[in-house]
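Hello,

Here is the structure I said I would pass on. Please open it and keep it in view while you read the notes below.

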Amino acid sequence: MTALPSADRIQELQQRVQRMQGAGVTRTLDSLPALGEVLRLRTGGAYAVDSPSLAMALMAGPSQAGEWCAVVGVPELGLEAAAGFGVALERTIVVPAPGEHWLSVTAGLADVVSVVLVKPSSPVSEHQAERLRARLRQKDAALICWGRWPRSDASVSVLTSSWTGLGQGHGHLQGRSVEVGVRRGGAPERRTSLWLPGVDARVSPAGPAVQRVPLTAVRAG
């Protein structure tokens, strides 16, 4: 084991004490560079996503920065894919099938991790959402919900999606270009284009769309 620098170690211990005491500290978590202008998670907040790729990308930033994360109720989430997005599996707790106890499991994990990704097994009520939000504020944690979450701080959706690498019935999938929409309350939806992931397997801003020249039928001779 490699000893942490003293300042980092002190900060880690302070965060653990704050969680145990329920100090209600709110802070902005690190994000992948490409997502910094799209959305940055804040502890105490709840965020709804409609895509596992978005969920993993949002979790990867804090995970790479040294935060502990948890995944609840998502047995179909591929750990290899999560690692590809940058999630540190050695600091990730996975509870694939909590069943009807998903809420209590999520609340308990908020005591010890900074980010919890959950896919509820049943619709979330306003009362359940508010109870868990209060716990997130007390325990310095953020929630990513794969699905609907009442009064979420932001809803993040994949609006359009296209893959590169396929030819006329042949080739290999190389990169996925998506248009992402972020909606906060009643504010207008903000849209941005991303590679999720790109041909280099990283999340990055997508450049302008390639201009395709239409083919024109001509008569021979």
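**What was found**

The protein chain has five helices and nine strands. Please keep in mind that this is a predicted model. Along the sequence, the elements come in the order α-β-α-β-α-β-α-β-α-β-β-β-β-β.

Some totals for the chain come next. Of the 221 residues in the protein chain, 40% are buried. The accessible surface of the chain is about 12600 Å², and carbon and sulfur atoms account for 53% of that area. Among contacts with a separation of 6 or more, 60% are between residues 24 or more positions apart.

Now to the aromatic rings. How many aromatic pairs does the structure hold? There is one. In general, a pair of aromatic rings is described by the distance of the centres and the angle of the planes. Here the rings belong to Trp 102 and Trp 149; their centres are 6.4 Å apart and their planes are at 80°, and because an angle over 60 degrees counts as edge-to-face, this pair is edge-to-face.

Where do the two residues of the pair lie? Trp 102 is in helix α4 (residues 102-109), while Trp 149 is in the loop between β5 (142-146) and β6 (154-166), so the pair ties together parts that are 47 residues apart in sequence. Are Trp 102 and Trp 149 buried or exposed? Both are buried.

Regards

Note on methods: Residues numbered from 1 in each chain as written. Predicted model: local features only at pLDDT ≥ 70, side-chain atom pairs only at ≥ 80, totals over all residues. Heavy atoms only, no water. Phe/Tyr/Trp six-rings, centres within 6.5 Å; stacked < 30°, edge-to-face > 60°. Helix = DSSP H or I, 4+ residues; strand = E, 2+ residues; numbered from the N terminus. Buried < 20%, exposed > 50% of the residue type's maximum accessible area, 1.4 Å probe, protein only. Contact = heavy atoms within 4.5 Å. Areas by Shrake-Rupley, 256 points an atom, 1.4 Å probe, with all protein chains shown as cover.
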